[in-house]
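Here are a few notes to read alongside the model. Have the sequence and the 3D view open while you go through them.

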Amino acid sequence: SFPSVMPGLTPPTGDRCRLEEFTRCSDSLLWKLMMSFYDRNGVESWSQGIVPHFITCNAFIGRAYAKVLLGFLHDCTCANSKIPLNKTEPLYIIELGAGSGKFSFFILQAIKELPEVFEFPAEKVVYVMTDFTWNNLKFWNDHESFRPYLDCGQLDIAIFDAVHDETIRLHHSNVVIGRSTLKNPICVIANYLFDTLCHDIFQIEAGQLKEGLISVGSRNLFETDALDPEIIKRFDNHFTYRVINENYYAESEPEDSCHLRRILRWYRDFFGDASDEASILLPIGALRALRRLTSFSCGRALVLSGDKGNNNHEQHAQRANCIVFYLVLY
């Protein structure tokens with residue numbers, strides 16, 4: 001839940017209402033507004049066509065994902081597998097940001113229809129739909145299409161904030177999944193999710209690495225509710241940049257700081273001689289989520305994600321304030 005009014009709103013300055021001072025992008029009000037949108041609209045975000053979803057919510061991709069999952073499980077049951085399965089323990093398939101649940105239904109159907117090509121008890125495979133808002137959870141729980149799966153234990157549901165929560169408590173079984181609690185590898189599904197989690201802005205200019213700070217604002221002179229999703233339609237955001245070094249994440253991300261240092265160094269070196277500035281968004285929220293989820297199974301995991309990003313470095317050679325989304329995986 002969110003407060004209806006953010007404390008300490010800055011009075012309007014000039015021709016905009018400044019909702020926050022310049023701050024690190026991943027800590028910005030941007031992401032709270034996005035979560036507020038999904039929290040307040042619930043499943044209507046999808047049923048009314050506000051959020052694009054067809055490409056990741058259809059029977060074809062449900063079957064395709066199911067085949068990959070079954071192929072992974074088949075490999076795990078082979079002799080001398082590097083990731084052996086414990087047949088007496090559950091194997092959890094965790095879907096992040098399940099939203100309307102349409103994709104979940106398709107993949108549950110596909111898993112049920114596919115032949116068993118691996119030696120693992122079907123009743124031990126548990127699909128878990130997660131989201132951060134109770135509105136969606138109640139919708140899934142009350143939906144008649146999910147009832148058979150919930151009743152037989154093949155499906156469970158849970159509230160889970162992928163960036164901040166340390167554990168997942170399953171709503172029906174009351175099982176708590178946390179660090180090193182799973183005996184089998186975890187399977188994670190994240191469609192159109194990682195690009196909605198918090199990012200940090202970076203810019204490379206004249207060989208220098210800079211962090212981008214953002215001040216979220218509105219074209220209205222005054223806003224009574226700083227978490228009103230309608231503000232997104234009237235954004236007037238300002239950016240500023242300051243020089244940093246490659247140890248930017250040393251304190252905030254101690255487990256991954258060495259990896260992130262190498263990523264930032266690569267961007268700095270690659271774009272250091274470019275004639276134009278290069279602007280990127282590093283998906284720190286997604287990396288935090290993956291770090292936490294894989295810790296549940298001691299690093300053994302399969303991650304399936306349908307998302308969008310750039311695969312050409314020329315798309316990052318942009319001028320200041322022209323921010324390009326880019327998913328960095330390592």
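1. Helices (H or I, at least four residues) and strands (E, at least two) are DSSP runs, numbered from the N terminus.

2. Keep in mind that this is a predicted model, where local features need pLDDT of at least 70, side-chain atom pairs count only at pLDDT 80 or more, and totals for chains, interfaces and linings use all residues. Residues are numbered from 1 along each chain as its sequence is written, and side-chain values use heavy atoms, with hydrogens and water left out.

3. Which strands pair with S4? Strand S3 (residues 91–96) does, in the parallel sense over five bridges, and so does strand S5 (residues 155–159), again parallel over five bridges. Look for Tyr-127 in S4: Ile-93 stands opposite Tyr-127, and Tyr-127 stands opposite Leu-155 in S5.

4. Is S4 buried or exposed? Seven of the seven residues of S4 (residues 125–131) are buried (under 20% relative accessible area; exposed is over 50%, partly exposed in between; 1.4 Å probe, protein chains only). So S4 is largely enclosed by the rest of the structure.

5. In a regular strand the side chains alternate between the two faces of the sheet. Here Val-125, Tyr-127, Met-129 and Asp-131 point one way from S4, while Val-126, Val-128 and Thr-130 point the other way.

6. Now for a loop: Ala-206 sits between strand S9 (200–205) and strand S10 (208–215). Ala-206 has a positive phi of about 50°, although it is not a glycine, and counts as exposed at 69% relative accessibility.

How values were computed
Two strands pair if DSSP finds at least two bridges between them.
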